[in-house]
Amino acid sequence: MSTTEARPRRRHALRGRDPGVVPFNRPYLTGRELEYIKRAHANGHLAGQGEFARLSSEWLQARFGSPRALLTHSCTAALEMCAILADIGPGDEVIMPSFTFVSTANAFVLRGATPVFVDIRSDTLNLDERLLSDAISERTKAIIPVHYAGVACEMDDIMAFAADHGLLVIEDAAQAVLSTYRGRPLGGIGDLAALSFHETKNVISGEGGALLVNDPRFATRAEVILEKGTNRSQFFRGEVDKYTWVDIGSSYLPGEIVAAFLFAQFEHADQITARRLAIWSRYHEAFAEAERDGLLRRPIVPDDREHNAHMYYVLLPDLETRTRLIEALRAEKVHSVFHYVPLHSSPQGSRVGRVSGSLPVTDVTSERLVRLPLWLGVESEQDRVIEGVLRAVR
Ligand SMILES: Cc1ncc(COP(=O)(O)O)c(C=O)c1O
């Protein structure tokens with residue numbers, strides 16, 4: 001796999017579904033998406049900031065407790081907005097895990113900053129908060145916790161460290177919609193947060209994302225950056241009498257077709273999570289004995305946090321066993337994927353990043369992890385996947 005993350009291949013979709021194949025992902029429809037898209041068209045408003053963008057923002061604000069939530073065309077876009085809002089510039093450093101998707105780093109590198117890569121914890125595979133004090137320098141501006149697989153980072157420790165050192169916390173909650181940490185929604189804890197509604201996530205709009213502004217200081221500027229650096233939102237609220245170019249920005253907002261699709265998904269977000277959790281738990285129970293026998297390691301979710309079943313992965317003893325498992329599953333027409341090629345060892349990451357200490361957990365995890373199919377509808381094929389895994393590792 002040459003990219004940092006294995007995303008499902010399109011070729012199969014274009015050829016039509018092969019009924020014998022268990023794909024890694026299949027986008028789920030709740031049922032009202034097309035009706036809402038029709039309504040958006042009937043409203044005569046297909047650009048951004050229409051009825052469905054407003055409904056979606058209100059839903060996000062209510063569920064995350066954020067004073068301001070703005071839809072974006074991707075989580076990548078929301079992260080880029082965070083970097084601008086945080087006034088990140090050349091010479092600044094931003095601390096993040098190397099075991100993450102490329103957008104976590106790219107957003108800050110685009111502003112000229114240096115990503116500082118730290119290792120991950122061996123239990124949750126999240127940024128190891130105990131390594132923050134070694135990674136910080138006088139140039140550090142922000143910490144980017146990534147809630148891997150929808151399982152929370154150690155947010156209390158991270159927030160306390162950031163407060164002690166005057167740093168911003170920007171949550172990359174791409175995978176963590178509707179997960180919690182000590183009762184609080186992920187994405188609602190840091191100063192800013194970015195969510196993803198990419199088709200591989202739990203709640204989807206094809207491409208899509210959101211910026212959560214938890215620190216109200218950033219709210220007005222966030223709206224300006226979203227709308228090409230103009231104060232168009234203020235104009236439409238009647239707060240200014242004309243709109244004009246006031247800051248840097250870009251076109252980060254989605255149109256109403258995407259927002260309409262997304263709102264239909266939001267209405268079913270709890271049911272989607274519940275069904276995903278059932279699939280996750282079935283995998284988890286099925287692999288308990290293999291874990292006891294030392295054949296694989298299952299995900300670890302500490303008791304003080306609820307996850308959203310974004311992903312089910314297992315860790316194999318080594319690279320050879322993982323390669324054998326992926327190939328054995330492929331022979332049975334079951335698609336599994338691995339990730340990430342750690343950012344610090346990627347061509348771009350090694351050019352622009354700084355590695356804090358060594359990253360042994362990152363390196364070994366990247367060789368051992370495999371993700372299994374998890375999508376609504378896989379239930380009828382799940383025994384096949386489970387049996388395929390158990391046959392390959394025994
Ligand atoms: C941790 C993380 N951050 C950022 C992103 C980027 O999300 P998007 O595809 O919505 O831009 C992803 C997507 O896979 C992700 O997993």
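Predicted model: local features only at pLDDT ≥ 70, side-chain atom pairs only at ≥ 80, totals over all residues.
In what order do the eight strands of the open sheet run? The order is β1-β9-β8-β5-β4-β2-β3-β12, and the pairing is mixed. Residues are numbered from 1 along each chain as its sequence is written, and side-chain values use heavy atoms, with hydrogens and water left out.

View 1. Strands pair here if DSSP finds at least two bridges between them. Helices (H or I, at least four residues) and strands (E, at least two) are DSSP runs, numbered from the N terminus.

**View 2. β1 and its surroundings.** β1 pairs with β9 (residues 209–213) in the antiparallel sense, over five bridges. Look for Arg68, whose bridge partner in β9 is Val213. Helix α3 (residues 51–64) lies across β1, β8 (192–196) and β9, and runs at about 130° to β1. Axes are lines fitted to C-alpha atoms, for helices over the stretch in contact (heavy atoms within 4.5 Å); angles run from 0 to 180 degrees between N-to-C directions.

**View 3. Helix α13 against helix α16.** The axes of α13 (residues 319–331) and α16 (residues 382–393) come within 9 Å and cross at roughly 135°. That makes α13 oblique to α16; angles under 35 degrees count as roughly parallel, over 145 as roughly antiparallel, 65 to 115 as roughly perpendicular and the rest as oblique. Leu325, Ala328 and Leu329 of α13 meet Val385, Gly388, Val389 and Ala392 of α16.

**View 4. Helix α11 against helix α16.** The axes of α11 (residues 269–286) and α16 come within 11 Å and cross at roughly 30°. That makes α11 roughly parallel to α16. On the α11 side, the contact is made by Ile279, Arg282, Tyr283 and Ala286; α16 brings Gln382, Asp383, Val385, Ile386 and Leu390.

**View 5. Asn231 in its loop.** Asn231 lies in the loop between α8 (219–226) and α9 (232–236). At 8% relative accessibility, Asn231 counts as buried (under 20% relative accessible area, with exposed over 50% and partly exposed in between; 1.4 Å probe, protein chains only). Not counting residues up to four places away in sequence, Asn231 touches Val224, Val240, Lys242, Tyr243, Thr244 and Val246.
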